[in-house]
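Biologist: Thanks for sitting down with me! Could you walk me through this model, one question at a time?

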Amino acid sequence: MNITPSQPAERAAAPSEFDVRRFGAVGDGRVLDTPAINRAVAAAGAAGGGSVVFPAGDYLSHSIRLQSWITLEFRAGATLIAADPPPAGEPGGYDAPETAPPNHHQDFGHSRFRNSLIWGEDLEGVTICGPGRIYGRGLSRGNGRIASPLGTVAPQPPGHLPDVLEADGPIAPLPGMPPAGPFGYPHALDTLPAGVGNKAIALRGCRAMLVRDLTILHGGHFGILAAGCDNVVIDGVFIDTNRDGIDIDACANVRISNCSVNSPWDDGICVKSSCGFGGVRPVENVTISNCYVSGFVEGTLYDGTRARIIQHRGGPIGRIKLGTEASGGFRNIAISNCVFEFCRGLAIEQVDGAGMEDVVVSNLVMREVMNAPVFIRLGARLRAPGATAPGVVRRIAISNVVAHDVAPEHGIFIAGLPGHPVTDVRLAGIQLHSRGGGTAADAARTVPEMPRDYPEPMLFGPLPAWGVYVRHAARVQLRDVTLALLAPDARPAIELDDVASPDCAGLRLPDGNSDGDWVLRNVTGLRVRDCDGQADTQS
């Protein structure tokens with residue numbers, strides 16, 4: 001591999017800054033600055049690299065095409081505004097999605113990258129930095145030509161997916177669209193025509209990428225999507241958006257730190273391994289640290305009001321999640337020192353036939369939790385090329401978690417499948433304070449298996465235990481776990497069902513507990529030491 005500049009003299013003589021105004025940008029928020037911005041990017045690329053600078057101003061633009069070794073620098077007071085797409089049937093607008101075979105395993109938003117405000121493919125050494133802003137005003141969120149305005153409280157249609165009806169309604173099928181495969185892809189709902197953009201920043205197959213000290217508002221389907229990339233750093237980014245915040249898909253060596261993401265309608269920070277980028281590879285060596293995720297009304301984290309409105313079934317999303325897209329698998333993931341507020345809990349999901357292994361989570365604070373503060377799921381959706389059997393979920397360690405005001409439907413929720421257990425999970429130093437209110441009817445429920453369904457806790461309905469529910473698992477350790485209630489609950493605190501060799505020590509339950517707080521079904525090799533409501537035992 002050649003890393004030596006091929007023309008050092010020319011590089012040394014080239015200017016290091018390329019002011020977009022010098023290339024014709026106006027920055028008044030009315031004139032379309034796309035051609036001028038792309039001229040500045042092309043000039044920096046031709047010079048071997050440099051900073052494309054946006055001074056203070058409002059720059060209205062469609063697609064910006066990145067090149068290697070450049071920096072997009074949005075200086076204080078600079079805002080890049082995603083322009084509206086042209087009317088249906090008219091030319092222009094955002095770059096057309098790249099031509100590629102139809103993807104029968106993944107949605108359009110994950111599978112196409114050029115239809116974005118800022119995009120790059122197979123690049124190296126690109127930086128996008130603030131302190132300026134990106135405002136995705138004219139972007140679609142994957143259903144219609146343009147999203148509802150920032151902060152709109154839209155109704156949630158039937159179904160569990162976080163899609164809303166946009167201002168101009170669902171789009172019609174595109175002419176010549178191939179028939180959908182077994183998972184319903186491609187389909188008209190999220191397939192967008194040329195000229196419509198749906199991502200603020202999209203990176204595919206890139207190396208050495210840095211996004212830093214930037215604000216993204218109303219970012220469309222994805223604020224940041226990096227797919228099939230290596231050596232990615234996202235640091236100090238603030239996102240307040242109408243769908244996903246940061247998605248890391250089939251990438252390796254990724255560092256996400258010091259970020260705040262408010263995303264009431266979809267995931268805040270999501271690590272996945274889909275086949276949307278054109279191949280199958282694991283996501284590996286990822287750290288997420290010192291981040292904050294929330295589900296307030298869009299725009300209200302940015303303005304400081306933090307409005308709390310339950311806008312759709314299941315409550316706001318806004319969490320950190322591994323999955324659901326999981327065709328390539330996950331390994332070597334570390335999450336630490338993060339805060340969840342008014343959103344769903346941590347989700348760890350492998351449902352597409354690969355592996356989820358070697359995951360460490362530590363030091364989480366959660367408040368106003370909409371569902372399971374910890375959800376670990378092994379399923380059999382198998383939405384991946386060649387997948388025929390469930391994968392594995394193993395070697396997961398979660399420690400030092402405080403979750404207060406947890407919605408009553410779910411506590412800690414770990415679920416494998418019959419014959420395919422979740423294995424080697426350790427939970428230690430957990431404090432869970434449930435809202436309570438569960439009924440005797442909830443306690444008598446049989447939780448459906450739902451092997452092929454979307455892995456979302458609310459779809460399982462209320463669990464029969466309010467604190468910890470584990471089913472189809474082996475070698476699960478619970479250490480120094482405190483379960484508390486903010487109001488009475490008629491369900492037991494703990495239920496273990498089809499669990500081999502569970503190991504429980506130092507579990508604390510509310511006062512007045514009894515052996516009725518534990519439900520054990522098909523449990524073998526149980527070890528209990530110093531736990532409320534259960535005598536010390538080794539069976």
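Modeller: Happy to! One term before we start: a residue is called buried when its relative accessible area is under 20%, and exposed when that area is over 50%. Please keep in mind as well that this is a predicted model.

Biologist: Great, then what share of the residues in the chain count as buried?

Modeller: The cut-off for buried is under 20% relative accessible area. The chain has 539 residues, and the share of them that counts as buried is 60%.

Biologist: How many helices and strands does the chain have?

Modeller: Strands have to be counted alongside helices here. The chain contains four helices, and its strands number 36.

Biologist: Among contacts between residues at least 6 apart in sequence, what percentage join residues at least 24 apart?

Modeller: A contact here means heavy atoms within 4.5 Å. Taking the contacts between residues at least 6 apart in sequence, the part that joins residues at least 24 apart is 70%.

Biologist: Which residue stands opposite His404?

Modeller: Let's go strand by strand. Strand β26 (residues 355-369) runs parallel to strand β28 (residues 392-406), with 12 bridges joining them, and Leu364 stands opposite Val401 in β28. β28 also pairs in the parallel sense with strand β30 (residues 422-434), over 10 bridges. In β30, the residue opposite His404 is His433.

Biologist: I'd like to check the backbone too. What is omega for the cis peptide bond that joins Gly323 and Thr324?

Modeller: There is also a cis peptide bond joining Gly130 and Pro131, with omega about 25°, and Pro131 is found in the loop between β9 and β10. Thr324 has its place in the loop between β23 and β24. For the bond joining Gly323 and Thr324, omega is about 0°.

Biologist: Phe342 has a positive phi although it is not a glycine; is Phe342 buried or exposed?

Modeller: Phe342 lies in strand β24, and its phi is about 50°. Its relative accessible area is 5%. The cut-off is under 20%, so Phe342 is buried.

Biologist: And is Glu368 buried or exposed?

Modeller: Glu368 is found in strand β26, and its phi is also positive, near 55°. Its relative accessibility is 17%. The limit is under 20%, so Glu368 counts as buried.

Biologist: Finally, how many contacts beyond near neighbours in sequence does the model have for residues 156-172?

Modeller: The mean pLDDT of the chain is 91, with 90% of its residues at 70 or more. Over residues 4-9 pLDDT stays under 50, and the model has one contact there beyond four places in sequence. Residues 156-172 have pLDDT below 50 too, and their contacts beyond near neighbours in sequence number 53.

Terms used. Residues are numbered from 1 along each chain as its sequence is written. This is a predicted model: local features need pLDDT of at least 70, side-chain atom pairs count only at pLDDT 80 or more; totals for chains, interfaces and linings use all residues. Side-chain values use heavy atoms; hydrogens and water are left out. Helices (H or I, at least four residues) and strands (E, at least two) are DSSP runs, numbered from the N terminus. Buried means under 20% relative accessible area, exposed over 50%, partly exposed in between (1.4 Å probe, protein chains only). Two strands pair if DSSP finds at least two bridges between them. pLDDT is the predictor's confidence in each residue, from 0 to 100.
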